[in-house]
Amino acid sequence: MTDFKFFYFTEYEDGKLAHLETCESEIPVNIYADPDSDFSLKENDICSVDIIGVGSEIKYYENEEEFVKADTGLDVVSMIPIGTFALDEDENFEESPHIIFTGKIIAVDADPTAKSDEPNCFVTVETLDMTVTVVFNSDESISVGGILKGVAWLYGDILRKIWK
């Protein structure tokens, strides 16, 4: 679970988009709110999200050295919330729950029974100020300790932080 500062919900496609900010670096990020989210959250409440990201444009690097050699222009751990602001002066820009990310792989799971049009990889990545489980389809052998780079459409249950 990753903690965020909550701002507000807006209508988005067939549900709601949560407008949040990372607690550490105060980076704005949008996450699609699953139906079991706590829609009673108020501005500045702290919430927790077990983030799932539907991945695209995925690239796997076996280690940091391979990632650095690829000269991607990104840090090993980075995140750009491309769904929160227009990258250029696009007057038709609509906010979305998309990010560009790179991160260290901390867990890998695979579904060998997945059909060819279904995700077969479930890779948990530590990216900038958050942990995301990215789901995608791949034939590569992906390992913990590697680096994953790509685009992700984020969703999850936006829940009030429970203090212990």
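Student: Where is D139 found?

Tutor: This is a predicted model, where local features need pLDDT of at least 70, side-chain atom pairs count only at pLDDT 80 or more, and totals for chains, interfaces and linings use all residues. Residues are numbered from 1 along each chain as its sequence is written, and side-chain values use heavy atoms, with hydrogens and water left out. Strands are DSSP runs of E, at least two residues, numbered from the N terminus. D139 is found in the loop between β9 (130-136) and β10 (147-156).

Student: Is D139 buried or exposed?

Tutor: Buried means under 20% relative accessible area, exposed over 50%, and partly exposed in between (1.4 Å probe, protein chains only). D139 has 81% relative accessibility, so D139 counts as exposed.

Student: Where is S37, and is S37 buried or exposed?

Tutor: S37 sits in the loop between β3 (28-33) and β4 (46-49). Its relative accessible area is 8%, so S37 is buried.

Student: Which backbone oxygen does the side chain of S37 reach?

Tutor: The distance is 2.8 Å. The backbone oxygen belongs to D34.

Student: Is E13 buried or exposed?

Tutor: E13 lies in the loop between β1 (2-12) and β2 (15-22). Its relative accessibility is 67%, so E13 counts as exposed.

Student: Which side chain does a polar contact join to that of E13?

Tutor: A polar contact is a pair of N or O atoms within 3.5 Å; within protein, one must be able to donate a hydrogen and the other to accept it, and residues adjacent in sequence count only if both atoms are side-chain atoms. Here the contact is 3.4 Å, and the partner is Y12.

Technical notes
Helix = DSSP H or I, 4+ residues; strand = E, 2+ residues; numbered from the N terminus.
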